[in-house]
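Here is a friendly briefing to read alongside the sequence and the model.

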Amino acid sequence: MSPISVSLIAFACIFGGTFLGMFLRKRLPGHHLSGDTKDVVRLGTGLIGTIAALVLGLLIASANSTYETQSGQVKQLTANIVLLDRTLAQYGPETDSMRDRLRHAVTTLADRIWRENGSDSGKAEAFEASAAALSFYDEILKLSPRDETQRSLQSRAIDTSTDLAKTRLLLFAKAGGSIPMPFLVVLISWLTIIFASFSLFADNNATTITALGIFALSASAAIFLILELSQPFTGLMMISGEPLRNALGPVGP
């Protein structure tokens with residue numbers, strides 16, 4: 001389910017709590033809405049509100065950390081690809097065919113990363129390096145350096161390829177991660193209870209309903225933000241793949 005859909009459902013439930021409170025206010029006898037009862041409900045609401053606020057804050061911080069981490073890994077991947085290309089260029093013209101293959105492989109690599117990390121991807125299979133990647137690494141190993149400079153460049157290319165593989169594996173390991181649905185159900189339930197308690201002791205007028213509607217929209221927007229940040233490779237806040245796809249230009253010196 002997309003973050004927008006979940007957020008709309010959350011808004012409907014949370015704002016629905018407002019009308020639940022209004023309904024109970026009309027149905028309950030007057031002595032059930034006494035000052036002592038109001039104090040108890042407010043204390044309970046304060047407890048749930050504090051827990052919900054802490055959970056929301058932690059979820060936003062965690063989702064933002066996930067987004068920044070995976071965005072940094074994509075940048076690192078891009079930088080390593082450029083570095084590998086320049087290293088091969090410095091090695092000599094015998095690596096031109098390898099550099100050309102690297103350019104064709106970048107688009108395939110980007111497509112695979114964004115597909116694996118999409119919200120609708122089913123993560124059941126184990127990670128497997130592509131045949132092209134394994135073949136490319138073997139070609140680097142098979143290079144025959146003629147002097148110390150080429151030997152150093154070959155070693156650097158091997159190290160960079162290894163770093164590429166590690167970063168690629170990290171992106172796969174975090175693929176498909178999202179907030180568990182039972183967790184969201186509990187959080188939305190807490191917020192619904194809070195809004196029901198707000199309207200239980202408030203006057204049922206347009207100002208109250210409008211204010212609670214705005215508050216409910218703000219709470220559901222926070223949930224939307226959490227879900228968007230926890231899925232960096234899809235949605236409105238998707239990490240752009242263009243820098244990776246366009247990292248390398250035509251083969252040149």
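Is Leu 88 buried or exposed? Leu 88 is buried, with a relative accessible area of 2%; here buried means under 20%, exposed means over 50%, and partly exposed lies in between, using a 1.4 Å probe and protein chains only. Please keep in mind that this is a predicted model, in which local features need pLDDT of at least 70, side-chain atom pairs count only at pLDDT 80 or more, and totals for chains, interfaces and linings use all residues. Residues are numbered from 1 along each chain as its sequence is written, and side-chain values use heavy atoms, with hydrogens and water left out.

**Overall build**

- The chain has 8 helices and 0 strands, where helices (H or I, at least four residues) and strands (E, at least two) are DSSP runs numbered from the N terminus.
- The radius of gyration is 27 Å, well over the 18 Å that the globule rule gives for 253 residues, so the chain is more spread out than a compact globule. That radius is taken over C-alpha atoms, and the rule is 2.2 Å times the number of residues to the power 0.38.
- Along its principal axes, the C-alpha trace spans about 95 × 30 × 25 Å.
- Of the 253 residues, 38% count as buried.
- Among contacts (heavy atoms within 4.5 Å) between residues at least 6 apart in sequence, 83% join residues at least 24 apart.

**Surface and charge**

- The accessible surface comes to about 13,800 Å², and 64% of it belongs to carbon and sulfur atoms. The areas come from the Shrake-Rupley method with a 1.4 Å probe.
- The mean positions of the 21 positive and 21 negative charges are 5 Å apart. Lys and Arg count as positive and Asp and Glu as negative, leaving out His and the chain ends, and each charge is placed at NZ of Lys, CZ of Arg, CG of Asp or CD of Glu.

**The nonpolar core**

- The largest nonpolar core holds 49 residues, and those touching the most other members are Ile 14, Leu 84, Trp 114, Leu 187, Leu 191, Ile 223 and Leu 244. Such a core is a set of buried Ala, Val, Leu, Ile, Met, Phe, Trp, Tyr and Cys residues joined through side-chain atoms within 4.5 Å.
- Elements giving two or more residues to this core include helix 1 (3-27), helix 2 (35-91) and helix 7 (206-229). Helix 2 supplies the largest share, 12 residues.
- Leu 191 touches Ile 14, Ala 52, Ala 219 and Ile 223, not counting residues up to four places away in sequence.

**Residues to look up in the model**

- Leu 88 sits in helix 2. Beyond four places away in sequence, Leu 88 touches Thr 95, Met 98, Arg 99, Phe 136 and Ala 157. The C-alpha atoms of Leu 88 and Arg 99 are separated by 7.1 Å, with the two residues 11 apart along the chain.
- Thr 160 belongs to helix 5 and counts as buried at 4% relative accessibility. Leaving aside neighbours within four places, Thr 160 is in contact with Asn 80, Leu 83 and Leu 84.
- Thr 66, in helix 2, is partly exposed at 29% relative accessible area.
- Ile 193 lies in helix 6 and is partly exposed, with a relative accessible area of 45%. Ile 193 and Gly 44 are 149 residues apart in sequence and 10.0 Å apart in space, C-alpha to C-alpha.
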